[in-house]
Amino acid sequence: MESDEAAAAAAAASPQGSGGTVTPAPKKRGRKPKIKEDSQTPSSSSQQSGGKKTKQSVDEKYTQWKGLVPILYDWLANHNLVWPSLSCRWGPQLDQATYKNRQRLYLSEQTDGSVPNTLVIANCEVVKPRVAAAEHISQFNEEARSPFVKKYKTIIHPGEVNRIRELPQNSKIIATHTDSPDVLIWDVETQPNRHAVLGAATSRPDLILTGHQDNAEFALAMCPTEPFVLSGGKDKSVVLWSIQDHITTVGTDSKSSGSIIKQTGEGGDKTESPSVGPRGVYHGHNDTVEDVAFSPTSAQEFCSVGDDSCLILWDARTGTSPVTKVEKAHDADLHCVDWNPLDDNLILTGSADNTVRLYDRRNLTSNGVGTPIYKFEGHRAAVLCVQWCPDKSSVFGSSAEDGLLNIWDYDRVSKKSDRAAKSPAGLFFQHAGHRDKVVDFHWNAADPWTIVSVSDDCETTGGGGTLQIWRMSDLIYRPEEEVLAELETFKSHVMTCASKP
């Protein structure tokens with residue numbers, strides 16, 4: 001299968017738009033909308049005339065995509081969520097079997113207040129490559145929960161969970177953002193399982209990171225080399241913490257059960273969580289900081305993006321002022337950033353201008369001038385999340401409010417053929433299984449071409465969300481020569497089948 005043809009086929013089945021009658025939603029679904037002075041509200045007559053048609057269009061395009069699932073995917077699991085989750089992250093791999101592996105998955109439940117907001121720890125059975133039958137992966141019920149995803153533990157979270165990030169040195173330790181200035185740290189293995197009923201007391205975080213002067217809702221990162229945490233917020237600042245003093249065990253063995261908190265003795269006050277102040281507070285943004293990322297090679301270097309359209313690089317060793325500030329990295333608010341784990345010169349940014357831009361930090365200057373290496377244009381709405389593939393340095397994903405999760409390869413930009421000129425340069429796969437905005441996704445480091453993605457479905461269904469775990473066919477991303485050689489071995493069989501009446 002040719003990659004560009006696959007992308008075109010997937011694009012043809014991508015869901016677009018939303019509409020219809022929407023039931024009242026909780027106070028926030030997904031990234032909080034920003035009111036623009038030039039925004040126009042459609043008239044009630046246009047909504048009435050176009051809403052039903054738009055909803056029908058979404059369903060039709062989704063049906064087209066579902067028909068292509070056996071061709072485009074090696075494996076796919078669809079899991080209906082009663083409450084939307086604004087974040088999804090892979091945890092540690094628990095065990096391996098002949099045909100599938102078992103792995104932790106971190107989600108959340110953003111409720112309407114009738115029950116508490118929760119942090120959910122699930123066990124996921126990840127089917128290994130070239131195991132699932134085509135007819136099985138395409139036969140799923142959108143309204144049902146997947147048999148591959150089982151809830152393991154529930155933590156009652158103090159407020160909505162906007163963002164989840166795991167500590168790379170020990171992915172049983174996670175950080176969460178809610179609508180508050182604090183970052184909450186959880187040891188998910190030692191936290192008790194809770195029953196989320198109205199009026200239940202919230203779970204107690206293992207550690208609270210303080211230092212923001214206003215709410216910090218989305219920008220959150222954990223360092224790949226040290227137990228450092230980075231956050232950004234509405235106070236326009238970037239805050240750095242080290243939780244080293246509170247860690248007793250950061251086990252590389254996923255079966256270790258060390259606690260993140262140093263025990264100070266028996267009989268102590270256990271009604272309040274311990275807290276730690278920042279190692280540094282960094283000022284340079286002029287508006288809300290929307291996302292942050294660490295350098296893959298240094299705990300002292302990191303970057304941030306914000307609603308001021310700026311991309312800023314920092315170095316904790318040189319003080320609290322920006323090392324490099326790109327004043328107009330995009331033509332609108334920046335929502336997300338990611339630093340390439342395999343090439344520490346490359347940084348991705350995503351924006352409300354619907355584009356993804358690739359920057360080489362060697363080309364950035366301290367006077368605010370910065371030209372991206374390339375501008376990727378393939379979304380039709382604001383980009384919410386970008387992430388590099390852990391397996392190949394030129395591949396990355398981007399998700400957006402248009403319901404698409406695009407997979408790009410920068411190496412293919414210069415190799416783009418005229419034959420596939422209809423698809424954007426570098427785009428080689430579109431995951432179109434979500435019918436509403438894709439608020440988060442995460443590549444699986446233990447199974448690099450397996451992705452978990454989550455959509456907030458309030459626009460199309462009036463509530464809930466969809467979690468999907470999927471792996472595209474390896475015929476799409478493997479080297480072309482290798483794929484053609486494999487297909488050649490099946491040529492005679494295919495020709496025989498085609499010649500039969």
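The following legends describe close-up views of a predicted model.

Residues are numbered from 1 along each chain as its sequence is written, and side-chain values use heavy atoms, with hydrogens and water left out. Because the model is predicted, local features need pLDDT of at least 70 and side-chain atom pairs count only at pLDDT 80 or more, while totals for chains, interfaces and linings use all residues.

**Figure 1. Overview of the protein.** The protein contains seven helices and 29 strands; helices (H or I, at least four residues) and strands (E, at least two) are DSSP runs, numbered from the N terminus. Of its 501 residues, 55% count as buried, where buried means under 20% relative accessible area, exposed means over 50%, and partly exposed lies in between (1.4 Å probe, protein chains only). Among the contacts in the protein with a separation of 6 or more, 62% come from residues 24 or more positions apart, a contact being heavy atoms within 4.5 Å.

**Figure 2. The open sheet S1-S29-S28-S27.** Four strands make up this open sheet, in the order S1-S29-S28-S27 and with antiparallel pairing. Strand S1 (73-81) and strand S27 (438-443) are the edge strands; each has a single partner strand, so one side of each lacks a neighbour in the sheet. From one strand to the next, the twist averages 15 degrees, with axes taken as lines fitted to C-alpha atoms (for helices over the stretch in contact) and angles running from 0 to 180 degrees between N-to-C directions. S1 pairs with strand S29 (residues 465-472) in the antiparallel sense over eight bridges, two strands being paired if DSSP finds at least two bridges between them. Tyr 73 has Met 472 of S29 as its bridge partner.

**Figure 3. Strand S17 and its two partners.** Strand S17 (residues 311-315) is mostly covered, five of its five residues being buried. Leu 311, Leu 313 and Asp 315 point one way from S17, Ile 312 and Trp 314 point the other way, and all are buried. Strand S16 (residues 301-306) pairs with S17 in the antiparallel sense over five bridges, and Cys 303 has Leu 313 in S17 as its bridge partner. The hairpin of S16 and S17 has four residues between the strands, and in this hairpin Ser 309 takes a positive phi near 65 degrees. S17 also pairs with strand S18 (residues 324-326), in the antiparallel sense and over three bridges; Leu 313 stands opposite Thr 324 in S18.

**Figure 4. Aromatic pairs.** The structure has 17 aromatic pairs, counted where rings of Phe, Tyr and Trp (its six-membered ring) have centres within 6.5 Å; planes under 30 degrees apart count as stacked, over 60 as edge-to-face and the rest as tilted. Phe 376 and Phe 396 form an edge-to-face pair, at 5.0 Å centre to centre and with 75 degrees between the planes. This pair links distant parts of the chain, with Phe 376 in strand S22 (residues 374-377) and Phe 396 in strand S24 (residues 395-400), 20 residues apart. Phe 376 is buried at 1% relative accessibility, and Phe 396 is buried at 0%. Phe 429 and Trp 470 form a stacked pair, at 5.9 Å centre to centre and with 25 degrees between the planes. The pair joins strand S26 (residues 427-431), which holds Phe 429, to strand S29, which holds Trp 470, across 41 residues; both Phe 429 and Trp 470 are buried. Ring pairs also link Tyr 374, Phe 376, Trp 388, Phe 396, Trp 408 and Tyr 410 into a cluster.

**Figure 5. Charges over aromatic rings.** The charged end of Lys 66 lies over the ring of Phe 140, 4.3 Å from its centre. Arg 104 places its charged end over the ring of Tyr 152, 3.9 Å from the ring centre. A charge sits over a ring if NZ of Lys or CZ of Arg is within 6 Å of the ring centre and within 35 degrees of the ring normal.

**Figure 6. Salt bridges.** The structure holds 25 salt bridges, each defined as a side-chain nitrogen of Lys or Arg within 4 Å of a carboxyl oxygen of Asp or Glu. Arg 130 forms one with Glu 486, the closest N and O atoms being 2.8 Å apart. This pair links distant parts of the chain: Arg 130 lies in the loop between strand S4 (118-127) and helix H3 (134-137), and Glu 486 lies in helix H6 (residues 480-489), 356 residues apart. Arg 130 is partly exposed, at 48% relative accessibility. Asp 474 and Arg 478 meet in a salt bridge of 3.3 Å, N to O, and both residues are buried. Salt bridges with shared partners join Arg 130, Asp 474, Arg 478, Glu 482 and Glu 486 into one network.
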